[in-house]
Amino acid sequence: EIRKLECKKINVYKNSTVISNGIDVNSVKPRKNLKLKDHLNIIFVASVFSVWQGLDRLLNGLLKYEGTIKVNLKLVGQVPPLYNSLIGILKQRKNISIHLKDYVEPKDLHQEYSKQHVGIGTLAQFRTKMYQSCPLKVREYVAMGLPFIYAYDDPDLKGDEFFAKKIPSNNEPIDLYEVIEFYKTVEKTDNYEDVMRQFAKENLDWGRKLENLYKFIYQQN
């Protein structure tokens, strides 16, 4: 979408390509498999939970959840006051636990991620009138082996990866029962963290990204 927008601005035909956000995989510590027992740990990270992050979709999904597996949600980032009422209601529920952290140093995020079963990517990108995205946090999830949920088109993901659940891009609440079943399915793949990390090395690492950029530039000469 961004590439097409920029090409339209200059109104001149040019060969172009997409080099999306990457990550230095070797700088990210791998995560160990966390078995699902009587609770599910979910982490959602954002500098600020703007409307396009879709926090309301997750909170409304928790309101509908009545399962016996306890859901522990950790929110890392600034949560606007408009979510206070929902969070207050959920904190009264015995099968829900919500932990808030305004900020965590990037170097300490691994410690937070290592305790989680599932990470949350962007859930409402469509509210910006765009449908493609390549969040850095999702690159971190893949590199460290943390399964995740997302709701947008990612240029580096086909949408059918076993370690990522792509959900519809709309305003509907997240189905927590589906999230739990998703993680149970991921668990069945032996050493899935290693598989995710290898995927990151082959598709998301900056070395591969720059290699693709070089090939594109070389072809233009």
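**Close-up views of a predicted model**

View 1. The side chains of K184 and E181 form a salt bridge with an N to O distance of 3.5 Å, the term denoting a side-chain nitrogen of Lys or Arg within 4 Å of a carboxyl oxygen of Asp or Glu. Because K184 and E181 are three residues apart in helix α6 (residues 176–187), about one helical turn separates them. This is a predicted model, in which local features need pLDDT of at least 70 and side-chain atom pairs count only at pLDDT 80 or more, while totals for chains, interfaces and linings use all residues. Residues are numbered from 1 along each chain as its sequence is written, and side-chain values use heavy atoms, with hydrogens and water left out.

**View 2. Salt bridges of R139.** R139 meets D154 in a salt bridge (2.7 Å, N to O), and this pair links distant parts of the chain, with R139 in helix α5 (residues 136–144) and D154 in the loop between β5 (148–150) and β6 (164–166), 15 residues apart. A salt bridge of 2.7 Å, N to O, also joins the side chains of R139 and D156. R139 is buried at a relative accessible area of 1%, where buried means under 20%, exposed over 50% and partly exposed in between, for a 1.4 Å probe and protein chains only. R139, D154, D156 and K209 are linked in a network of salt bridges.

View 3. Seven of the 10 residues of strand β1 (residues 39–48) are buried, so the strand is largely enclosed by the rest of the structure; helices (H or I, at least four residues) and strands (E, at least two) are DSSP runs, numbered from the N terminus. V45 stands opposite V76 in β2.

Terms used
Two strands pair if DSSP finds at least two bridges between them.
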